[in-house]
Amino acid sequence: LRGAATAAYAIDPDFGVCMDVTRTGDNPSEKAKMVVKLGAGPTIKIKDASLLCNPQVIAHLREAAKEGDVPYQDEVLTAGGTDSAAIQKTRGGVLSGCISIPCRYIHTPTETVDLSDVSAAVRLLTAFAQKNLETTKDVM
């Protein structure tokens, strides 16, 4: 989080969207009560223990997913945190969100993801960036 805060302070961005991994609930050994599952697309984070994502960023991510025909899942994580929290608290505040890749056995040597979720996360971030670049050009 320290690097994200420092970078966001130096850049002073209009918004920040981070990429991360998140737990799944489709594994019998998982204790977390999550509805996120492998193979159903990346998640658009609503909140975690460190962050309440900005509703505007969530809406823009959902819109980009729909327009780009990218499957996604909503994520509510009761623990953990991401660089988005550090970015959100920088300067006077930065509109922040997060796209996560569903991952079994998170933070272990056997982390497992579905490559279709990884590909979809890249497509979602790309669609979001292109959409916001076009919007920014219109405003200028």
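**View 1. L61 and its contacts in the predicted model.** Beyond neighbours within four places in sequence, L61 is in contact (heavy atoms within 4.5 Å) with V17, I44, C98, I99, L124 and F128. Residues are numbered from 1 along each chain as its sequence is written. In this predicted model, local features need pLDDT of at least 70 and side-chain atom pairs count only at pLDDT 80 or more, while totals for chains, interfaces and linings use all residues, and side-chain values use heavy atoms, without hydrogens and water.

**View 2. The largest nonpolar core.** A nonpolar core is a set of buried Ala, Val, Leu, Ile, Met, Phe, Trp, Tyr and Cys residues joined through side-chain atoms within 4.5 Å. Buried means under 20% relative accessible area (1.4 Å probe, protein chains only). This core has 18 residues; V17, L61, I99, L124 and F128 touch the most other members. Helices α2 (55-67) and α4 (115-139) and strand β5 (95-102) each supply at least two of its residues. Helices (H or I, at least four residues) and strands (E, at least two) are DSSP runs, numbered from the N terminus. A second, separate core has seven residues, among them A8, A86, V94 and C98.

**View 3. β5 and its partner strands.** Seven of the eight β5 residues are buried. Strands pair if DSSP finds at least two bridges between them. β1 (residues 15-22) pairs with β5 in the parallel sense, over eight bridges. D20 stands opposite S100 in β5. β2 (residues 43-48) pairs with β5 in the antiparallel sense, over two bridges. T43 also stands opposite S100.

View 4. α4 has the lowest mean, 82, and β4 (residues 73-76) the highest, 95.

Definitions and conventions
Buried means under 20% relative accessible area, exposed over 50%, partly exposed in between (1.4 Å probe, protein chains only). pLDDT is the predictor's confidence in each residue, from 0 to 100.
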